[in-house]
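Dear colleague,

Please find below the structure that I am handing over to you. My notes on its charged residues follow it.

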Amino acid sequence: MTQHLLEPLTLRELTVRNRLWVPPMCQYSVAAQDGVATPWHLMHYGSFARGGAGAVILEATAVVPQGRISPQDLGLWDDAQRDALRPITELVHSLGAAAGIQLAHAGRKASTEPEWGTARPGASLAEADGGWRTVGPSASAYAGLAAPEALDEAGIDAVVDAFVAAAGRAVEAGIDLIEIHGAHGYLIHEFLSPLSNLRSDSYGGELAGRARLLLRIVDAVRDEIPSGMPLLVRLSASEWVDGGFDLGEATQVVSWLREHGVDMVDVSSGGNAEGAAIPVGPGYQTSLAAHLRHRTDMPVSAVGMIDEPFQAEHVLATGQADVVRVGRAFLRDPSWGLHAALALRGDGDIVPPQYRRAYRQQLRRS
Ligand SMILES: Cc1cc2nc3c(=O)[nH]c(=O)nc-3n(C[C@H](O)[C@H](O)[C@H](O)COP(=O)(O)O)c2cc1C
């Protein structure tokens, strides 16, 4: 029987060894508020590559200081940050995996206290405490957070330029694929959504206006990176509230992304509307991915509580997605990919030779 999860996938000139990828997950582990990766990041991302992932996507990495979710986020607005990523990409490559990075601007959800190590995780960080004034499409605040300043045209141009510069540095750091963060209520998603984008200029109103920032960034980044390098976008395909950015609008946006040279969309949801009724449970976002894949022919990855090897295999075998991303299950068990490979076909090839003695029994039994 074919094991779809373990089959390689080629996007442009990049061939990834399997279809089990690790999604971006913020570590809030930057010291000195300088956006520079630390030994934690090296260990963390290397462990997923060692543990059998095909591609490891580095966490939301801010393109400008103002675009950080918290002061502890990774950044890519200067060369020191680029240089600190090189050992990570080298390690990931040496372990047979591809290294991706998610480039991000947190918009009106920036300048918050990190998820751990502070008294009020997720709360707005005052300027006096090292925070900064946030920006968004409009001056409307996300629930409980400080109100942002609406970006003017020059501010929007600067955001586009910052994504381009960060993408260029990512390429220099040895990154294999770039993902633009268009999900979870951060800046690009804020522009896409009629709930947060109240503009009356050419960046607001109808969907074409709300999608303009995303498409400008996609075009500019596509021009910057090598033609053989895949460009991905992560979207929240539903906000799970009436009147929000929904699957119908997402379908149109994904069709546009395809025309603009995007190679794959990762299908997530939520993050922009307080009180949304998100039907959290095993595979809860997979049907959104399947819908987009079938309606647009865009390759997609599915993510969200895909925690078991046969569940992941089923998503691919039934044509719901081209790639499965496994996040928290990989945090719980950084060898998740090795265990999935053994469970699905008893294949020990992916086990690093240094560790094979530990797997002899499983390999004999298979
Ligand atoms: C610790 C943590 C950090 C996360 N940081 C990011 C991030 O940087 N960018 C992003 O798009 N999603 C982020 N997410 C969401 C994950 O990428 C993923 O979509 C989510 O955890 C659902 O997948 P899972 O059920 O396999 O964990 C994060 C999730 C976790 C648990």
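Predicted model: local features only at pLDDT ≥ 70, side-chain atom pairs only at ≥ 80, totals over all residues.

A search of the whole structure finds 17 salt bridges.

Two of them share Asp263. Asp263 forms a salt bridge with Arg12, with the closest N and O atoms 2.8 Å apart. Asp263 lies in the loop between α7 and β11 and Arg12 in the loop between β1 and β2, so this pair ties together parts that are 251 residues apart in sequence. Asp263 is buried, at 11% relative accessible area, whereas Arg12 is partly exposed at 36%. Asp263 also pairs with Arg222, at a closest N to O distance of 3.3 Å. Arg222 counts as buried, at 12% relative accessibility.

A further salt bridge links Glu149 and Arg133, whose closest N and O atoms are 3.0 Å apart. Glu149 is in strand β8 and Arg133 in the loop between β6 and β7. Glu149 is partly exposed, at 40% relative accessibility, and Arg133 is likewise partly exposed at 40%.

Salt bridges also connect Asp79, Arg82, Asp83, Arg86, Arg169 and Glu172 in a network.

Glu59, in strand β4, is buried yet has no salt bridge. The nearest side chain of opposite charge, Arg68, is 11 Å away. The Glu59 side chain does reach the backbone nitrogen of Gln27, at 3.1 Å. Beyond its sequence neighbours within four places, Glu59 is in contact with residues including Met25, His41, Tyr45 and Ile101.

With kind regards

Notes. Residues numbered from 1 in each chain as written. Heavy atoms only, no water. Helix = DSSP H or I, 4+ residues; strand = E, 2+ residues; numbered from the N terminus. Buried < 20%, exposed > 50% of the residue type's maximum accessible area, 1.4 Å probe, protein only. Lys, Arg positive; Asp, Glu negative; His and termini not counted. Salt bridge = Lys/Arg side-chain N within 4 Å of Asp/Glu carboxyl O. Polar contact = N/O pair within 3.5 Å; in protein donor to acceptor, adjacent residues only side chain to side chain. Contact = heavy atoms within 4.5 Å.
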